Amino acid sequence: MTVAATTSTSTATTTTSSSSSSSTSSLTSNEFLSLLVSELQNQDPLNATSTTDFINQLTSYANFSQQQSINTNLSALASSFSSLVTLNSVNYIGHTVEAKTDTATLTNGSATFGYSLSSAASNVSITVKDSSRNTVWTGTGTGNSGSNTFTWDGKDSSGNQLTDGGQYTISVTATDSAGNSVLNYTTVTGTVTGIDTSTSTPSLTVNGVSVSAANIIGVTS
């Protein structure tokens, strides 16, 4: 009868401990050790924890503790890296950069874009759209292999001069003699006037347009 009473108490204690641990989203080192000691103290004398199970539990604790340490170190490393990226981005302010993007602000009656071709193009067509995605100008461009530059004079297809300050997007279609696309990417060149670090990858303000720091491909001055 004494053995039966002990078994009942052990079961109730173990159930309570398991319920307590399951209600917690994370388990600390002290909590784990307390549960382990409690299990040893209250286990069924007729069905004690085997050596193998005990070793497995200790191994699980060691792995858990090591994983916590790794996570802490990774978080510290990520924070340091983020600070380094932000510091490097600040150095761009005041410099003229070239960045992969397709949008520029009309300034002093013009906007300059660039585009890169993997090989010489037989046909290059350019479309400029306003912020409402309306087409305001269409024309052709140079088809040299590598970097090409296109300066739009800020006039629509009817010859009307558009107002400074608007943001315009360029779309380039470049094909070779076989009709295959040879366009790599489009770019804009401008002065960096600000930085936004509210996201994991800082954004730079280039001629009034937000550009990811990861898209900067060159500094010209």
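A: One cut-off to start with: exposed means over 50% relative accessible area, and partly exposed lies between that and the 20% under which a residue is buried. Also, this is a predicted model.

Q: OK. Is Asn108 buried or exposed?
A: Asn108 has a relative accessible area of 70%. That is over the 50% cut-off, so Asn108 counts as exposed.

Q: Where is Asn108 found?
A: In the loop between E2 and strand E3, which covers 111-117.

Q: And what is the phi of Asn108?
A: Positive, about 55 degrees, although Asn108 is not a glycine. Most residues other than glycine have a negative phi.

Q: What about the phi of Asn207?
A: Asn207 is not a glycine either, and its phi is positive, about 55 degrees. Asn207 lies in the loop between strand E9 (203-206) and strand E10 (209-212).

Q: What is the relative accessible area of Asn207?
A: 35%, so Asn207 is partly exposed.

Q: Switching to sheets. Which strands form the open sheet, and in what order?
A: Four of them, in the order E2-E7-E4-E5. The pairing is antiparallel.

Q: Which strands stand at the edges?
A: Strand E2 (103-105) and strand E5 (135-140). Each has a single partner strand, so one side of each is left without a neighbour in the sheet.

Q: What's the average twist?
A: 25 degrees from one strand to the next.

Q: How many bridges join E4 to E5?
A: Five. Strand E4 spans residues 123-129, and the two run antiparallel.

Q: Which residue in E5 stands opposite Ser125?
A: Thr140.

Q: Now E1. Which strand does E1 pair with over five bridges?
A: Strand E8, residues 183-196. E1 itself covers residues 96-100, and the pairing is antiparallel. Val97 has Gly190 in E8 as its bridge partner.

Q: And how many bridges join E1 to E11?
A: Three, with the strands antiparallel again. Strand E11 is residues 216-219. There, Gly218 is the bridge partner of Glu98.

Q: Last topic, rings. How many aromatic pairs does the structure hold?
A: Two.

Q: Where does the charged end of Lys100 sit?
A: Over the ring of Tyr185, 4.6 Å from the ring centre.

Terms used. Residues numbered from 1 in each chain as written. Predicted model: local features only at pLDDT ≥ 70, side-chain atom pairs only at ≥ 80, totals over all residues. Heavy atoms only, no water. Pairing = 2+ DSSP bridges. Helix = DSSP H or I, 4+ residues; strand = E, 2+ residues; numbered from the N terminus. Axes fitted to C-alpha atoms, helices over the stretch in contact; angles between N-to-C directions. Phe/Tyr/Trp six-rings, centres within 6.5 Å; stacked < 30°, edge-to-face > 60°. Lys NZ or Arg CZ within 6 Å of the ring centre and 35° of its normal. Buried < 20%, exposed > 50% of the residue type's maximum accessible area, 1.4 Å probe, protein only.
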